[in-house]
Amino acid sequence: MRSAYGDFFNHDDEADGYDRLVQNDQDPIRTGYRDVLRWVIQEARIDATSRVLELGSGTGNLSALIGACSELVCVDLSERMEAIAKPKLTHLARRRFIKADILEVFSFEVGRFDSVISSYAVHHLTPDEKHRLFHCLPTVLVSGSRAVFGDLMLQNAEERGTKIEEYLAKRDRSTAEAIGEEFFWQLDSTVTELTKLGFEVSSKRFSHLSYGLVATWQG
Ligand SMILES: C[S@@+](CC[C@H](N)C(=O)[O-])C[C@H]1O[C@@H](n2cnc3c(N)ncnc32)[C@H](O)[C@@H]1O
């Protein structure tokens, strides 16, 4: 299965300027970016024996923070983002890039992972597609292993409405449109859903628009 908007959110056209854009901490979408990435890696508890799956790997800024692992599998639709990622990740000897949709990869023979990591990618999936992703995670995790996400998230639907109003009032139309048109996670329902599936969940807020979330598989 492929996500409905994968082709639209494929970052091939944004690749050249991406690493400059994410440095702009004044942009509400980017605020806390580096802290979020560092936190994801810290919470993923990766060591030299870990097999790691990264969803929406982009220009490699997240996996560049991994010190060592036994194998890293990166998934993204954008070859141009991957071309920028590759030279940053030469310290990770066993690394494989799969050009695929985040949802599609679960139907491939990729094996089991000690950690699944992802930053600023899953908000490109619709709520139903996130639901499908959460159902797929146990098929690649081992008991006690973690999926760690850092992404654009809001507490719930009410906060989504409030934030759109807030940014419109500040004449920041681009942030208001991003909240309205992309699929920022809704934390409350996500925690409920993951807990029902058998994950232990914790979260941390990083900015007005971003959270980190750890889902530990109890199965
Ligand atoms: C905002 S960038 C984030 C990149 C990187 N993880 C980071 O933190 O900087 C989103 C990435 O997800 C990829 N992407 C978007 N939708 C996707 C999908 N459905 N399947 C695979 N990759 C996707 C884009 O091509 C892009 O590289």
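## Largest pocket

Helix H7 supplies five residues to the lining of the largest pocket, the largest share. Helices (H or I, at least four residues) and strands (E, at least two) are DSSP runs, numbered from the N terminus. The structure is a predicted model, in which local features need pLDDT of at least 70, side-chain atom pairs count only at pLDDT 80 or more, and totals for chains, interfaces and linings use all residues. Residues are numbered from 1 along each chain as its sequence is written, and side-chain values use heavy atoms, with hydrogens and water left out.

The lining of the largest pocket holds 40 residues. Phe9, His11, His123, His124 and Glu182 lie nearest the centre. Two or more lining residues come from each of helix H1 (6-9), helix H2 (15-21) and helix H7 (173-181). The space in the largest pocket is about 870 Å³. By class, the lining has 17 nonpolar, 14 polar and nine charged residues. Here Ala, Val, Leu, Ile, Met, Phe, Trp, Tyr, Cys and Pro count as nonpolar, Asp, Glu, Lys and Arg as charged, and the others, Gly among them, as polar.

Rolling a probe the size of a water molecule over the atoms shows where empty space is left. A pocket is an open set of points on a 1 Å grid over the protein atoms alone, where a 1.4 Å probe fits, with protein on both sides within 12 Å along at least five of seven lines; lining residues have an atom within 4 Å of a point. Points are joined across faces, edges and corners, and a volume is the space filled by probe spheres set on them.

## Histidine 124

Histidine 124 is one of the residues nearest the centre of the largest pocket. The loop between strand S4 (113-119) and H5 holds histidine 124. Histidine 124 counts as buried because its relative accessibility is 13%. Buried means under 20% relative accessible area, exposed over 50%, partly exposed in between (1.4 Å probe, protein chains only).

Beyond its neighbours within four places in sequence, histidine 124 is in contact with Tyr5, Phe9, His11, Glu129, Glu182 and Phe183. Contact means heavy atoms within 4.5 Å.

## Second largest pocket

The second largest pocket has a volume of about 200 Å³. Its lining includes Pro127, Lys130, Phe134, Arg160, Glu182 and Trp185. Helix H5 (127-136), strand S6 (185-186) and helix H8 (187-197) each give two or more residues to this lining. The lining divides into five nonpolar, three polar and four charged residues.

Glu182 lines the second largest pocket. Glu182 also lies among the residues nearest the centre of the largest pocket.

## Overall fold

The chain has eight helices and eight strands. Along the principal axes, the C-alpha atoms fill a box of roughly 50 × 40 × 30 Å.

Of the 219 residues, 53% are buried. Among contacts between residues at least 6 apart in sequence, 68% join residues at least 24 apart. The accessible surface comes to about 10,300 Å², and 48% of it belongs to carbon and sulfur atoms. Areas come from the Shrake-Rupley method with a 1.4 Å probe; for residues, only the protein chains shown count as cover.

## Tryptophan 39

Tryptophan 39 sits in helix H3 (residues 33-44). With a relative accessible area of 9%, tryptophan 39 is buried. Leaving aside neighbours within four places in sequence, its contacts are Val148, Phe149, Lys204, Phe206, Gly212, Leu213 and Val214.

Tryptophan 39 and leucine 213 are 174 residues apart in sequence. Their C-alpha atoms are 9.7 Å apart in space.

## Loop residues

Most residues other than glycine have a negative phi. Arginine 45 has a positive phi, near 50°. Tyrosine 120 also has a positive phi, near 55°. Arginine 45 lies in the loop between H3 and strand S1 (51-55), and is exposed at 59% relative accessible area. Tyrosine 120 lies in the loop between S4 and H5, and is buried at 10%.

Threonine 49 is in the loop between H3 and S1. Threonine 49 is exposed, with a relative accessible area of 61%. Threonine 49 and glutamate 71 are 22 residues apart in sequence and 8.1 Å apart in space, C-alpha to C-alpha.
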